[in-house]
Amino acid sequence: MSDGNYNRNLLPYRNYQSGVRAGRAQAKQLALQAFMAWLDAERSALSADEKEQTLIAFKQHLDAALNIP
């Protein structure tokens with residue numbers, strides 16, 4: 001039984017950086033999904049090729065904002 005103090009060795013290992021990377025990846029996917037939904041709703045007249053080019057440009061801007069190499 002514990003006396004109220006804990007030993008760090010007994011705690012589960014959680015790598016902080018991997019959690020940050022996972023959160024950024026999840027946020028990026030949600031942003032891409034939201035952008036595609038907006039693109040389909042607001043710019044439905046665009047061709048599939050134009051939508052693809054717009055998505056690529058958005059990804060580049062998103063990567064620059066998140067500082068992803």
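A nonpolar core is a set of buried nonpolar residues, such as Leu and Phe, joined through side-chain atoms within 4.5 Å. In this predicted model, the largest such core has five residues: L32, F35, L39, L55 and L62. Helix α1 and helix α2 each supply at least two of the residues in this core. The structure also holds two salt bridges.

**How the helices are placed**

- Helix α1 covers residues 16-42, and helix α2 covers residues 48-66.
- The axes of α1 and α2 come within 11 Å and cross at roughly 150°.
- This crossing of α1 and α2 is right-handed.

**Where the helices touch**

- On the α1 side, the contact is made by R24, K28, A31, L32, F35, M36, L39 and D40.
- On the α2 side, the residues that meet them are K51, T54, L55, F58, K59, L62, D63 and L66.
- By type, the residues of this contact between α1 and α2 divide into nine nonpolar, one polar and six charged.
- Leaving aside residues up to four places away in sequence, L62 touches K28, A31 and L32.

**The nonpolar core**

- In soluble globular proteins, nonpolar side chains tend to be buried together.
- Here the largest nonpolar core consists of L32, F35, L39, L55 and L62.
- Its largest share, three residues, comes from α1.

**The salt bridge of K28 and D63**

- Side chains of opposite charge can pair when their charged atoms come close.
- K28 forms a salt bridge with D63, and their closest N and O atoms are 2.8 Å apart.
- This pair links distant parts of the chain, with K28 in helix α1 and D63 in helix α2, 35 residues apart.
- K28 counts as buried because its relative accessibility is 18%, and the cut-off for buried is under 20%.

**The salt bridge of D40 and K51**

- The side chains of D40 and K51 also meet in a salt bridge, at 3.2 Å from N to O.
- D40 lies in helix α1 and K51 in helix α2, so this pair ties together parts that are 11 residues apart in sequence.
- K51 has a relative accessible area of 17%, so this residue is buried.
- D40 has a relative accessibility of 40% and therefore counts as partly exposed, a class that lies between the limits of 20% and 50%.

Methods:
Residues numbered from 1 in each chain as written. Predicted model: local features only at pLDDT ≥ 70, side-chain atom pairs only at ≥ 80, totals over all residues. Heavy atoms only, no water. Axes fitted to C-alpha atoms, helices over the stretch in contact; angles between N-to-C directions. Helix = DSSP H or I, 4+ residues; strand = E, 2+ residues; numbered from the N terminus. Left-handed = near helix turned anticlockwise from the far one by under 90°. Contact = heavy atoms within 4.5 Å. Nonpolar A, V, L, I, M, F, W, Y, C, P; charged D, E, K, R; others polar. Salt bridge = Lys/Arg side-chain N within 4 Å of Asp/Glu carboxyl O. Buried < 20%, exposed > 50% of the residue type's maximum accessible area, 1.4 Å probe, protein only.
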